[in-house]
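Work through the following exercises with the sequence and the model side by side.

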Amino acid sequence: MKKEEKKNDSDLMDKIVSLCKRRGFIFPGSEIYGGMANSWDYGPLGVELKNNVKQGWWKKFVHSRTDMVGIDAALIMNPKVWEASGHLKNFTDPLVECKKCHERFRADKISGDKCPACGGELTTAKQFNLMFKTFIGPAEESANVAYFRPETAQAMFVDFKQVAETSRKRIPFGIAQIGKAFRNEITPGNFIFRTREFEQMEIEYFIREKDWEKTFEYWHEEMYKWMGELGLKKEHLHDLEVPEKERAHYSKRTIDIEYDFPFGTDELYGLAYRTDFDLGNHAKSSGQSLEYLDPETQEKFIPHVIEPTFGVDRSVLAVLCESYNEEEAPTSEEGKTEPRVVLKFPKWLAPIKVAILPLSKKEELAKVARPIYEDLVKNFACEYDETQSIGKRYRRQDEIGTPYCVTVDFETLEDKAVTVRDRDTMKQERIKIEELINYLKKKLEE
Ligand code: ATP
(Lines give C-alpha, C1' and ligand atoms only; values in the text may rest on other atoms or scores of the structure.)
Protein backbone atom coordinates (compact mmCIF):
# COMPACT_ATOMS: atom_id res chain seq x y z
CA MET A 1 0.00 0.00 0.00
CA LYS A 2 1.22 3.51 -0.78
CA LYS A 3 2.02 5.25 2.46
CA GLU A 4 1.88 8.89 3.36
CA GLU A 5 5.18 10.58 4.12
CA LYS A 6 6.59 8.89 7.19
CA LYS A 7 7.11 10.88 10.32
CA ASN A 8 10.46 9.85 11.64
CA ASP A 9 11.22 9.14 15.24
CA SER A 10 14.03 6.66 14.85
CA ASP A 11 15.42 7.70 18.22
CA LEU A 12 12.30 6.41 19.98
CA MET A 13 12.35 3.21 17.93
CA ASP A 14 16.02 2.63 18.87
CA LYS A 15 15.15 3.12 22.53
CA ILE A 16 12.32 0.59 22.35
CA VAL A 17 14.46 -1.98 20.52
CA SER A 18 17.25 -1.50 23.04
CA LEU A 19 14.91 -1.78 26.05
CA CYS A 20 13.43 -4.97 24.57
CA LYS A 21 16.90 -6.50 24.29
CA ARG A 22 18.17 -5.22 27.63
CA ARG A 23 15.20 -6.51 29.60
CA GLY A 24 14.58 -9.71 27.67
CA PHE A 25 11.40 -8.90 25.79
CA ILE A 26 12.64 -9.46 22.24
CA PHE A 27 16.14 -9.98 20.89
CA PRO A 28 17.78 -10.86 17.56
CA GLY A 29 17.41 -14.54 16.69
CA SER A 30 20.44 -16.85 16.32
CA GLU A 31 22.64 -14.10 17.73
CA ILE A 32 25.58 -16.32 18.72
CA TYR A 33 25.96 -17.11 15.00
CA GLY A 34 25.92 -13.47 14.06
CA GLY A 35 22.15 -13.34 13.97
CA MET A 36 19.84 -13.88 11.04
CA ALA A 37 18.47 -10.85 9.25
CA ASN A 38 15.03 -9.87 10.47
CA SER A 39 14.55 -12.82 12.75
CA TRP A 40 13.56 -12.01 16.31
CA ASP A 41 13.08 -14.16 19.38
CA TYR A 42 10.67 -13.37 22.20
CA GLY A 43 12.43 -13.71 25.55
CA PRO A 44 10.97 -14.42 28.99
CA LEU A 45 9.04 -11.15 29.27
CA GLY A 46 8.20 -10.93 25.56
CA VAL A 47 6.53 -14.31 25.53
CA GLU A 48 4.39 -13.30 28.53
CA LEU A 49 3.33 -10.08 26.83
CA LYS A 50 2.58 -11.84 23.55
CA ASN A 51 0.65 -14.62 25.33
CA ASN A 52 -1.40 -12.03 27.19
CA VAL A 53 -2.34 -10.43 23.85
CA LYS A 54 -3.33 -13.79 22.37
CA GLN A 55 -5.22 -14.99 25.44
CA GLY A 56 -7.05 -11.67 25.78
CA TRP A 57 -8.05 -11.84 22.12
CA TRP A 58 -9.26 -15.45 22.42
CA LYS A 59 -11.22 -14.65 25.54
CA LYS A 60 -12.88 -11.64 23.94
CA PHE A 61 -13.62 -13.02 20.49
CA VAL A 62 -14.07 -16.75 21.12
CA HIS A 63 -14.88 -17.57 24.74
CA SER A 64 -17.14 -14.59 25.40
CA ARG A 65 -19.29 -15.17 22.32
CA THR A 66 -21.83 -17.80 21.37
CA ASP A 67 -21.33 -17.19 17.64
CA MET A 68 -17.64 -18.05 17.45
CA VAL A 69 -15.55 -21.20 17.62
CA GLY A 70 -11.83 -21.74 17.25
CA ILE A 71 -9.57 -24.08 15.32
CA ASP A 72 -5.86 -24.79 15.20
CA ALA A 73 -4.97 -26.11 11.76
CA ALA A 74 -1.81 -27.44 10.12
CA LEU A 75 0.71 -24.91 8.86
CA ILE A 76 1.40 -26.84 5.68
CA MET A 77 -1.76 -27.56 3.76
CA ASN A 78 -2.40 -29.43 0.54
CA PRO A 79 -0.87 -27.25 -2.23
CA LYS A 80 -4.20 -27.38 -4.05
CA VAL A 81 -5.52 -25.05 -1.35
CA TRP A 82 -3.19 -22.32 -2.59
CA GLU A 83 -4.10 -22.90 -6.20
CA ALA A 84 -7.80 -22.57 -5.43
CA SER A 85 -7.36 -19.55 -3.15
CA GLY A 86 -5.45 -17.73 -5.88
CA HIS A 87 -2.33 -17.30 -3.75
CA LEU A 88 0.00 -19.15 -6.11
CA LYS A 89 -0.98 -16.81 -8.90
CA ASN A 90 -1.86 -13.58 -7.17
CA PHE A 91 -0.15 -13.35 -3.81
CA THR A 92 2.55 -11.07 -5.11
CA ASP A 93 4.19 -7.75 -4.41
CA PRO A 94 5.74 -5.57 -7.11
CA LEU A 95 9.53 -5.84 -6.97
CA VAL A 96 12.04 -3.37 -8.39
CA GLU A 97 15.80 -3.71 -8.35
CA CYS A 98 18.41 -0.99 -8.46
CA LYS A 99 20.56 -1.36 -11.58
CA LYS A 100 23.52 0.15 -9.74
CA CYS A 101 23.61 -1.29 -6.19
CA HIS A 102 21.24 -4.24 -6.86
CA GLU A 103 19.22 -3.60 -3.74
CA ARG A 104 15.60 -4.74 -4.07
CA PHE A 105 12.49 -2.85 -2.99
CA ARG A 106 8.74 -3.18 -2.93
CA ALA A 107 7.68 -0.73 -5.61
CA ASP A 108 4.56 0.28 -3.69
CA LYS A 109 6.55 1.13 -0.56
CA ILE A 110 8.97 3.65 -2.07
CA SER A 111 8.31 7.10 -3.42
CA GLY A 112 9.87 8.38 -6.65
CA ASP A 113 11.51 6.34 -9.38
CA LYS A 114 15.08 6.29 -8.09
CA CYS A 115 16.79 3.83 -5.74
CA PRO A 116 16.22 5.02 -2.13
CA ALA A 117 19.65 3.63 -1.16
CA CYS A 118 21.96 5.08 -3.85
CA GLY A 119 19.79 7.12 -6.23
CA GLY A 120 20.45 4.67 -9.07
CA GLU A 121 18.03 3.75 -11.82
CA LEU A 122 15.42 1.10 -11.01
CA THR A 123 14.24 -1.79 -13.16
CA THR A 124 10.58 -1.91 -14.12
CA ALA A 125 8.45 -3.65 -11.51
CA LYS A 126 7.84 -7.37 -11.79
CA GLN A 127 5.47 -9.38 -9.63
CA PHE A 128 7.21 -11.42 -6.95
CA ASN A 129 5.31 -14.27 -5.25
CA LEU A 130 5.55 -14.21 -1.46
CA MET A 131 4.74 -17.87 -0.84
CA PHE A 132 7.33 -19.78 1.17
CA LYS A 133 8.14 -22.98 -0.65
CA THR A 134 9.26 -26.17 1.00
CA PHE A 135 9.60 -29.85 0.12
CA ILE A 136 7.84 -32.73 1.75
CA GLY A 137 9.66 -36.02 2.05
CA PRO A 138 13.27 -36.85 1.31
CA ALA A 139 13.37 -36.07 -2.42
CA GLU A 140 13.43 -32.46 -3.56
CA GLU A 141 11.15 -33.17 -6.49
CA SER A 142 8.56 -30.80 -7.78
CA ALA A 143 5.88 -33.39 -7.02
CA ASN A 144 6.64 -32.84 -3.34
CA VAL A 145 6.53 -29.06 -3.33
CA ALA A 146 4.43 -27.56 -0.54
CA TYR A 147 4.00 -24.12 0.98
CA PHE A 148 3.97 -22.66 4.44
CA ARG A 149 0.68 -20.84 4.82
CA PRO A 150 0.88 -17.09 4.11
CA GLU A 151 -2.29 -16.49 6.18
CA THR A 152 -4.19 -18.59 8.68
CA ALA A 153 -7.47 -17.86 6.90
CA GLN A 154 -7.57 -20.66 4.36
CA ALA A 155 -7.94 -23.41 6.98
CA MET A 156 -11.13 -21.74 8.18
CA PHE A 157 -12.54 -22.05 4.65
CA VAL A 158 -11.27 -25.53 3.95
CA ASP A 159 -12.58 -26.77 7.33
CA PHE A 160 -15.80 -24.77 7.10
CA LYS A 161 -18.13 -27.71 6.59
CA GLN A 162 -16.57 -29.80 9.36
CA VAL A 163 -16.74 -26.93 11.81
CA ALA A 164 -20.28 -25.87 10.89
CA GLU A 165 -21.55 -29.43 11.28
CA THR A 166 -19.73 -30.39 14.46
CA SER A 167 -20.27 -27.10 16.28
CA ARG A 168 -23.89 -26.85 15.09
CA LYS A 169 -23.50 -23.11 14.61
CA ARG A 170 -26.00 -21.24 12.50
CA ILE A 171 -25.15 -18.38 10.23
CA PRO A 172 -24.07 -15.77 11.17
CA PHE A 173 -21.14 -17.34 12.96
CA GLY A 174 -17.37 -17.14 12.90
CA ILE A 175 -14.28 -19.31 13.05
CA ALA A 176 -11.19 -17.93 14.76
CA GLN A 177 -7.59 -19.03 14.68
CA ILE A 178 -4.27 -17.86 16.06
CA GLY A 179 -1.10 -19.08 14.44
CA LYS A 180 2.03 -18.57 12.44
CA ALA A 181 2.10 -17.36 8.86
CA PHE A 182 5.05 -17.06 6.49
CA ARG A 183 5.72 -14.61 3.70
CA ASN A 184 8.88 -14.21 1.67
CA GLU A 185 8.75 -10.43 2.13
CA ILE A 186 10.91 -8.38 -0.25
CA THR A 187 11.87 -5.86 2.38
CA PRO A 188 11.30 -7.01 5.93
CA GLY A 189 12.27 -4.56 8.63
CA ASN A 190 11.30 -2.11 11.34
CA PHE A 191 11.95 -4.58 14.14
CA ILE A 192 8.99 -7.00 14.48
CA PHE A 193 6.75 -4.94 12.19
CA ARG A 194 7.55 -6.87 9.03
CA THR A 195 9.18 -10.26 9.31
CA ARG A 196 9.05 -13.35 7.13
CA GLU A 197 7.63 -15.45 9.94
CA PHE A 198 4.91 -13.92 12.08
CA GLU A 199 1.69 -14.65 13.91
CA GLN A 200 -1.86 -13.73 13.07
CA MET A 201 -5.16 -13.77 14.93
CA GLU A 202 -7.87 -14.11 12.32
CA ILE A 203 -11.62 -14.40 12.18
CA GLU A 204 -13.66 -15.56 9.22
CA TYR A 205 -17.22 -14.50 9.90
CA PHE A 206 -19.80 -16.27 7.72
CA ILE A 207 -22.91 -14.37 6.69
CA ARG A 208 -25.63 -14.01 4.09
CA GLU A 209 -24.58 -11.78 1.22
CA LYS A 210 -27.25 -9.18 1.98
CA ASP A 211 -25.76 -8.58 5.44
CA TRP A 212 -22.21 -7.77 4.38
CA GLU A 213 -22.31 -4.01 4.80
CA LYS A 214 -23.77 -3.97 8.31
CA THR A 215 -21.49 -6.86 9.41
CA PHE A 216 -18.48 -5.00 8.03
CA GLU A 217 -19.43 -1.95 10.11
CA TYR A 218 -20.02 -4.14 13.17
CA TRP A 219 -16.56 -5.72 12.98
CA HIS A 220 -14.98 -2.37 12.36
CA GLU A 221 -16.37 -1.22 15.72
CA GLU A 222 -15.34 -4.44 17.46
CA MET A 223 -11.78 -3.98 16.22
CA TYR A 224 -11.69 -0.45 17.65
CA LYS A 225 -12.99 -1.73 21.00
CA TRP A 226 -10.18 -4.30 21.08
CA MET A 227 -7.56 -1.67 20.23
CA GLY A 228 -8.96 0.39 23.08
CA GLU A 229 -8.40 -2.56 25.40
CA LEU A 230 -4.79 -2.72 24.20
CA GLY A 231 -4.50 0.87 25.37
CA LEU A 232 -3.95 2.28 21.86
CA LYS A 233 -5.10 5.89 21.69
CA LYS A 234 -7.72 6.69 19.11
CA GLU A 235 -5.70 9.60 17.76
CA HIS A 236 -2.89 7.18 16.86
CA LEU A 237 -5.21 5.00 14.77
CA HIS A 238 -6.35 5.74 11.23
CA ASP A 239 -8.57 4.03 8.70
CA LEU A 240 -7.31 3.63 5.19
CA GLU A 241 -10.02 2.73 2.70
CA VAL A 242 -8.04 0.61 0.27
CA PRO A 243 -8.77 1.55 -3.35
CA GLU A 244 -9.89 -1.24 -5.66
CA LYS A 245 -6.67 -1.62 -7.61
CA GLU A 246 -4.64 -2.05 -4.43
CA ARG A 247 -6.94 -4.55 -2.75
CA ALA A 248 -6.06 -8.22 -2.37
CA HIS A 249 -7.41 -10.37 -5.19
CA TYR A 250 -10.26 -11.75 -3.04
CA SER A 251 -11.56 -8.52 -1.54
CA LYS A 252 -14.50 -6.33 -2.46
CA ARG A 253 -13.85 -3.87 0.35
CA THR A 254 -10.84 -3.48 2.62
CA ILE A 255 -10.02 -1.07 5.40
CA ASP A 256 -6.46 -1.09 6.70
CA ILE A 257 -6.35 0.17 10.25
CA GLU A 258 -3.08 2.02 10.57
CA TYR A 259 -1.14 2.98 13.67
CA ASP A 260 1.32 5.83 14.15
CA PHE A 261 4.46 3.78 14.72
CA PRO A 262 7.65 5.76 15.46
CA PHE A 263 8.92 4.93 11.95
CA GLY A 264 5.71 6.09 10.29
CA THR A 265 2.02 5.41 9.95
CA ASP A 266 1.51 1.87 8.71
CA GLU A 267 -0.88 -1.07 8.77
CA LEU A 268 -1.71 -2.61 12.11
CA TYR A 269 -4.80 -4.65 11.21
CA GLY A 270 -7.04 -5.28 8.23
CA LEU A 271 -10.75 -5.72 7.69
CA ALA A 272 -11.89 -7.28 4.42
CA TYR A 273 -15.08 -8.40 2.75
CA ARG A 274 -13.91 -11.58 1.02
CA THR A 275 -17.33 -12.26 -0.56
CA ASP A 276 -17.89 -15.96 -1.31
CA PHE A 277 -14.61 -16.02 -3.24
CA ASP A 278 -12.79 -18.54 -1.05
CA LEU A 279 -15.61 -20.98 -0.27
CA GLY A 280 -16.78 -20.78 -3.89
CA ASN A 281 -13.35 -21.56 -5.28
CA HIS A 282 -12.68 -24.39 -2.82
CA ALA A 283 -16.04 -25.92 -3.67
CA LYS A 284 -15.24 -25.78 -7.38
CA SER A 285 -11.71 -27.00 -6.97
CA SER A 286 -12.36 -29.84 -4.51
CA GLY A 287 -15.65 -30.93 -6.02
CA GLN A 288 -17.19 -30.84 -2.54
CA SER A 289 -20.26 -28.83 -1.72
CA LEU A 290 -19.49 -26.05 0.73
CA GLU A 291 -23.03 -24.80 0.77
CA TYR A 292 -24.77 -24.02 3.99
CA LEU A 293 -28.25 -25.39 4.53
CA ASP A 294 -30.47 -23.22 6.66
CA PRO A 295 -32.26 -25.70 8.91
CA GLU A 296 -35.36 -23.54 9.17
CA THR A 297 -35.89 -22.19 5.68
CA GLN A 298 -34.12 -25.08 3.87
CA GLU A 299 -32.38 -22.37 1.88
CA LYS A 300 -28.98 -23.50 0.46
CA PHE A 301 -26.20 -21.03 -0.28
CA ILE A 302 -22.47 -20.39 -0.16
CA PRO A 303 -21.88 -18.02 2.74
CA HIS A 304 -20.13 -14.70 2.31
CA VAL A 305 -17.29 -13.72 4.60
CA ILE A 306 -16.14 -10.72 6.60
CA GLU A 307 -12.56 -11.08 7.78
CA PRO A 308 -11.10 -9.05 10.63
CA THR A 309 -7.39 -9.87 10.79
CA PHE A 310 -4.98 -8.92 13.55
CA GLY A 311 -1.18 -9.28 13.48
CA VAL A 312 0.09 -10.54 16.82
CA ASP A 313 3.58 -9.09 16.47
CA ARG A 314 2.27 -5.74 15.24
CA SER A 315 -0.07 -5.70 18.25
CA VAL A 316 2.89 -6.27 20.57
CA LEU A 317 4.88 -3.54 18.80
CA ALA A 318 2.02 -1.03 18.96
CA VAL A 319 1.50 -1.80 22.66
CA LEU A 320 5.22 -1.28 23.35
CA CYS A 321 5.25 2.03 21.43
CA GLU A 322 2.09 3.29 23.12
CA SER A 323 3.23 2.25 26.61
CA TYR A 324 6.75 3.65 26.42
CA ASN A 325 7.17 6.74 28.60
CA GLU A 326 10.11 8.76 29.80
CA GLU A 327 9.48 11.07 32.70
CA GLU A 328 11.09 12.81 35.64
CA ALA A 329 10.52 10.97 38.91
CA PRO A 330 11.23 12.20 42.43
CA THR A 331 14.20 10.59 44.21
CA SER A 332 14.46 9.87 47.93
CA GLU A 333 16.19 13.25 48.28
CA GLU A 334 13.73 16.05 48.98
CA GLY A 335 12.91 18.10 45.86
CA LYS A 336 15.22 16.13 43.54
CA THR A 337 14.14 14.22 40.44
CA GLU A 338 15.72 11.79 38.00
CA PRO A 339 14.60 10.44 34.64
CA ARG A 340 12.73 7.15 34.59
CA VAL A 341 11.58 4.94 31.75
CA VAL A 342 8.27 3.25 32.34
CA LEU A 343 6.16 0.94 30.22
CA LYS A 344 2.61 1.90 31.14
CA PHE A 345 0.98 -1.27 29.86
CA PRO A 346 -2.72 -1.77 30.55
CA LYS A 347 -2.49 -3.92 33.68
CA TRP A 348 -3.93 -7.06 32.05
CA LEU A 349 -1.12 -7.00 29.49
CA ALA A 350 1.79 -6.56 31.90
CA PRO A 351 4.11 -9.61 31.79
CA ILE A 352 4.66 -9.41 35.56
CA LYS A 353 1.79 -8.13 37.67
CA VAL A 354 3.47 -7.91 41.08
CA ALA A 355 7.12 -7.77 42.16
CA ILE A 356 7.99 -8.79 45.70
CA LEU A 357 11.02 -6.87 46.88
CA PRO A 358 12.50 -7.49 50.34
CA LEU A 359 14.40 -4.37 51.33
CA SER A 360 17.59 -6.37 51.87
CA LYS A 361 18.84 -9.91 51.47
CA LYS A 362 18.66 -10.50 55.24
CA GLU A 363 17.25 -13.89 56.17
CA GLU A 364 14.69 -12.40 58.59
CA LEU A 365 13.10 -10.48 55.68
CA ALA A 366 13.25 -13.44 53.30
CA LYS A 367 11.36 -15.49 55.90
CA VAL A 368 8.41 -13.12 55.55
CA ALA A 369 8.80 -12.17 51.89
CA ARG A 370 9.09 -15.70 50.46
CA PRO A 371 5.69 -16.89 51.75
CA ILE A 372 4.11 -13.70 50.44
CA TYR A 373 5.56 -14.46 47.00
CA GLU A 374 4.42 -18.08 47.15
CA ASP A 375 0.92 -16.97 48.02
CA LEU A 376 0.65 -14.25 45.39
CA VAL A 377 2.14 -16.30 42.57
CA LYS A 378 -0.86 -18.64 42.78
CA ASN A 379 -2.95 -15.69 41.61
CA PHE A 380 -0.75 -13.50 39.42
CA ALA A 381 2.51 -13.61 37.46
CA CYS A 382 5.01 -12.45 40.10
CA GLU A 383 8.72 -11.84 40.38
CA TYR A 384 10.85 -12.13 43.53
CA ASP A 385 13.90 -9.89 43.50
CA GLU A 386 16.26 -9.21 46.37
CA THR A 387 19.36 -8.00 44.53
CA GLN A 388 20.56 -4.37 44.17
CA SER A 389 19.25 -1.24 45.85
CA ILE A 390 15.51 -0.78 46.14
CA GLY A 391 15.70 2.28 43.85
CA LYS A 392 17.33 0.23 41.07
CA ARG A 393 14.79 -2.54 41.52
CA TYR A 394 11.91 -0.06 41.18
CA ARG A 395 13.48 1.29 37.98
CA ARG A 396 13.74 -2.23 36.57
CA GLN A 397 10.11 -2.98 37.39
CA ASP A 398 9.08 0.34 35.82
CA GLU A 399 10.98 -0.56 32.67
CA ILE A 400 9.25 -3.90 32.37
CA GLY A 401 5.86 -2.38 33.16
CA THR A 402 5.06 -4.14 36.45
CA PRO A 403 1.95 -2.43 37.88
CA TYR A 404 2.71 -3.12 41.57
CA CYS A 405 5.83 -3.55 43.72
CA VAL A 406 5.45 -4.99 47.19
CA THR A 407 8.26 -4.04 49.55
CA VAL A 408 8.95 -6.03 52.67
CA ASP A 409 10.97 -4.02 55.21
CA PHE A 410 11.99 -4.27 58.85
CA GLU A 411 8.77 -2.62 59.96
CA THR A 412 6.91 -5.53 58.36
CA LEU A 413 8.27 -7.75 61.09
CA GLU A 414 6.46 -5.55 63.62
CA ASP A 415 3.28 -4.39 61.91
CA LYS A 416 2.64 -7.35 59.54
CA ALA A 417 2.16 -4.89 56.71
CA VAL A 418 4.00 -4.17 53.44
CA THR A 419 4.44 -1.17 51.17
CA VAL A 420 2.67 -1.36 47.82
CA ARG A 421 3.99 1.00 45.16
CA ASP A 422 1.91 1.94 42.14
CA ARG A 423 3.86 1.98 38.83
CA ASP A 424 2.10 4.99 37.34
CA THR A 425 1.58 7.30 40.30
CA MET A 426 4.60 5.99 42.28
CA LYS A 427 2.38 6.45 45.36
CA GLN A 428 3.06 4.04 48.19
CA GLU A 429 0.47 2.53 50.48
CA ARG A 430 0.90 0.43 53.60
CA ILE A 431 -1.25 -2.71 53.37
CA LYS A 432 -1.71 -5.51 55.91
CA ILE A 433 -0.27 -8.81 54.61
CA GLU A 434 -3.56 -10.58 55.23
CA GLU A 435 -5.38 -8.05 53.05
CA LEU A 436 -2.76 -8.01 50.30
CA ILE A 437 -4.25 -10.53 47.87
CA ASN A 438 -7.68 -8.96 47.86
CA TYR A 439 -6.18 -5.50 47.60
CA LEU A 440 -4.08 -6.48 44.57
CA LYS A 441 -6.91 -8.42 42.92
CA LYS A 442 -9.11 -5.35 43.12
CA LYS A 443 -6.39 -3.02 41.91
CA LEU A 444 -5.44 -5.25 38.98
CA GLU A 445 -9.04 -5.35 37.82
CA GLU A 446 -9.45 -1.56 37.87
P1 ATP B 1 1.30 -5.09 4.35
O2 ATP B 1 0.53 -4.17 3.44
O3 ATP B 1 1.92 -4.40 5.55
O4 ATP B 1 2.26 -5.99 3.63
P5 ATP B 1 -0.90 -6.89 4.20
O6 ATP B 1 -1.99 -5.96 3.81
O7 ATP B 1 -0.28 -7.76 3.19
O8 ATP B 1 0.23 -6.08 5.01
P9 ATP B 1 -2.63 -8.79 5.44
O10 ATP B 1 -2.50 -9.76 4.34
O11 ATP B 1 -3.90 -8.02 5.58
O12 ATP B 1 -1.40 -7.78 5.43
O13 ATP B 1 -2.28 -9.54 6.80
C14 ATP B 1 -3.05 -9.43 7.97
C15 ATP B 1 -2.25 -8.89 9.14
O16 ATP B 1 -1.09 -9.71 9.36
C17 ATP B 1 -1.69 -7.49 8.91
O18 ATP B 1 -2.65 -6.52 9.22
C19 ATP B 1 -0.52 -7.47 9.86
O20 ATP B 1 -0.96 -7.17 11.18
C21 ATP B 1 -0.02 -8.90 9.83
N22 ATP B 1 1.13 -9.02 8.91
C23 ATP B 1 1.10 -9.14 7.57
N24 ATP B 1 2.33 -9.28 7.06
C25 ATP B 1 3.19 -9.26 8.12
C26 ATP B 1 4.60 -9.39 8.25
N27 ATP B 1 5.38 -9.57 7.20
N28 ATP B 1 5.14 -9.31 9.50
C29 ATP B 1 4.36 -9.14 10.58
N30 ATP B 1 3.02 -9.03 10.52
C31 ATP B 1 2.43 -9.09 9.31
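**Exercise 1. Locate Gln388, describe its backbone, and decide whether it is buried or exposed.**

Solution. Begin with the position: Gln388 is found in the loop between β20 and α11 (390–399), where helices (H or I, at least four residues) and strands (E, at least two) are DSSP runs, numbered from the N terminus. Residues are numbered from 1 along each chain as its sequence is written. The model is a predicted one, in which local features need pLDDT of at least 70 and side-chain atom pairs count only at pLDDT 80 or more, while totals for chains, interfaces and linings use all residues. Next comes the backbone, and here Gln388 has a positive phi of about 65° although it is not a glycine. Finally, count the neighbours: a residue is buried if 20 or more other C-beta atoms lie within 10 Å of its own, exposed if 12 or fewer, and partly exposed in between, with C-beta atoms placed from the backbone. Gln388 has 11 other C-beta atoms within 10 Å, and is therefore exposed.

**Exercise 2. Describe strand β19, its burial and its partner strands.**

Solution. Start with the burial of β19 (residues 354–358), a mostly covered strand in which five of its five residues are buried. Then look at the directions of the side chains: Val354, Ile356 and Pro358 point one way, Ala355 and Leu357 point the other way, and all are buried. For the partners, recall that two strands pair if DSSP finds at least two bridges between them. One partner is β20 (residues 382–384), which pairs with β19 in the parallel sense over three bridges, and in this pairing Ile356 stands opposite Tyr384. To get from β19 to β20 the chain passes through helix α10 (residues 363–376), and this β-α-β crossover is right-handed, a term that applies if, with the strands pointing away from the viewer, the path from the first strand over the helix to the second runs clockwise. Another partner is β21 (residues 404–408), which runs parallel to β19 and is joined to it by five bridges, with Val354 opposite Tyr404.

**Exercise 3. Examine Asn190 and Thr187 in the loop between β9 and β10.**

Solution. Take Asn190 to begin with, which has a positive phi of about 60° although it is not a glycine. Asn190 has 18 other C-beta atoms within 10 Å, so it is partly exposed. Thr187 is also partly exposed, because 15 other C-beta atoms lie within 10 Å. Leaving out residues up to four places away in sequence, Thr187 touches Phe105, Arg106 and Lys109, a contact being two C-beta atoms, placed from the backbone, within 7 Å.

**Exercise 4. State which elements supply the shell around the ligand, and which classes of residue it holds.**

Solution. First, count the shell: 16 residues surround the ligand, and the closest are Phe198, Gly270, Thr309, Gly311 and Arg314, where a residue is near a molecule or strand if its C-beta atom, placed from the backbone, lies within 6 Å of it. Second, assign them to elements: β10 (197–207), β13 (264–275), β16 (304–311) and α9 (312–323) each supply at least two residues, and β13 gives the most, with four. Third, sort by class, which gives four nonpolar, five polar and seven charged residues; Ala, Val, Leu, Ile, Met, Phe, Trp, Tyr, Cys and Pro count as nonpolar, Asp, Glu, Lys and Arg as charged, and the others, Gly among them, as polar.
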